[in-house]
Amino acid sequence: MSRDHAQPQKLAARALLAVVFWPSLFFFWFLGPFVFFLLSTTSSEVCARLETRAQFLAAANGAIPMLIAQNLIYAIPIVCLVLWGRLFPDPKRARHIVTCIKLFACAVVIGALWEYGSSLVCDGYGQPFFSPAWQMTSYLPIISLIINIPLYVRLSALAVLFRHVRTSPRMKQAHGPNSSLMFPDRLALDGTERLQSGPERL
């Protein structure tokens, strides 16, 4: 399959990734934490009924599968970004993608420690049974916020860039007269060229 014939498939894949990326970014990254935190930590009602260290530990370990599932869901926008990078490779964008992956990995580790520590401390009920270091995990959301803000900004900026990646000139020529409808940027360029060449014809 020639490069020109592969371009429509790339555009279709880019559109499909955009359909997955933006809703997952909004619902999972911006709204999800409010729901996932409740699902991946021991609830206050359960904490009040626990009495031994083994019970607190079992309750915290029981939330680990949900914690793993939560992070896999969080990874969907990152996966979309990586696939975009494979479809439209660029060295500069690739470096930014690697940075996003590193920031995301740090955010995942910090978030997991915070939620697991919250389950162990369990609204203060489990505090006597575990090391005071687990109490310090309550400050991790501050560090997580410091990491997530630049991550959100970089991720959104890269997604916008991939949305406006220009197609090859060969593909525009392959669409013939209808190319101006599919590629309005080319139409504007042609109009500018005609205006500039007008005085020469006179």
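A pocket, in the sense used here, is an open set of points on a 1 Å grid over the protein atoms alone, with protein on both sides within 12 Å along at least five of seven lines. The model examined in this way is a predicted one, and its largest pocket holds about 540 Å³ of space. Helix H1 (3–39), helix H4 (64–74), helix H6 and helix H7 (140–163) are the elements that each give two or more residues to the lining of this pocket. The lining comprises 24 residues, and those nearest the centre of the pocket are Pro 33, Tyr 74, Ser 144, Asn 148 and Tyr 152.

Helix H6 may be followed next. This helix covers residues 91–121 and includes Ser 119. With a relative accessible area of 1%, Ser 119 falls under the 20% limit and is therefore buried. Its side chain reaches the backbone nitrogen of Thr 42 at 3.2 Å. Once neighbours within four places in sequence are left aside, the residues in contact with Ser 119 are Ser 40, Thr 41, Thr 42 and Ala 60.

Tyr 116 also belongs to helix H6. At 18% relative accessibility, Tyr 116 counts as buried, because the limit for that class is 20%. Between Tyr 116 and Ile 64 the C-alpha to C-alpha distance is 7.8 Å, although the two residues are 52 residues apart in sequence. Ile 64 is placed in helix H4. The relative accessible area of Ile 64 is 31%, so this residue is partly exposed.

A pair of aromatic rings is described by the distance of the centres and the angle of the planes. Seven aromatic pairs are present in the structure. In one of them, the rings of Tyr 116 and Trp 134 have centres 5.6 Å apart and planes at 65 degrees. Because an angle over 60 degrees counts as edge-to-face, the pair is assigned to that class. Trp 134 lies in the loop between H6 and H7, whereas Tyr 116 lies in helix H6, so the pair ties together parts that are 18 residues apart in sequence. Trp 134 has a relative accessible area of 27% and is partly exposed, while Tyr 116 is buried. Elsewhere, ring pairs link Phe 21, Trp 22 and Trp 84 into a cluster.

Terms used
Residues numbered from 1 in each chain as written. Predicted model: local features only at pLDDT ≥ 70, side-chain atom pairs only at ≥ 80, totals over all residues. Heavy atoms only, no water. Helix = DSSP H or I, 4+ residues; strand = E, 2+ residues; numbered from the N terminus. Buried < 20%, exposed > 50% of the residue type's maximum accessible area, 1.4 Å probe, protein only. Polar contact = N/O pair within 3.5 Å; in protein donor to acceptor, adjacent residues only side chain to side chain. Contact = heavy atoms within 4.5 Å. 1 Å grid on protein atoms, 1.4 Å probe; cavity = no way out; pocket = protein on both sides within 12 Å on 5 of 7 lines; lining within 4 Å. Points joined across faces, edges and corners; volume = space filled by probe spheres on them. Phe/Tyr/Trp six-rings, centres within 6.5 Å; stacked < 30°, edge-to-face > 60°.
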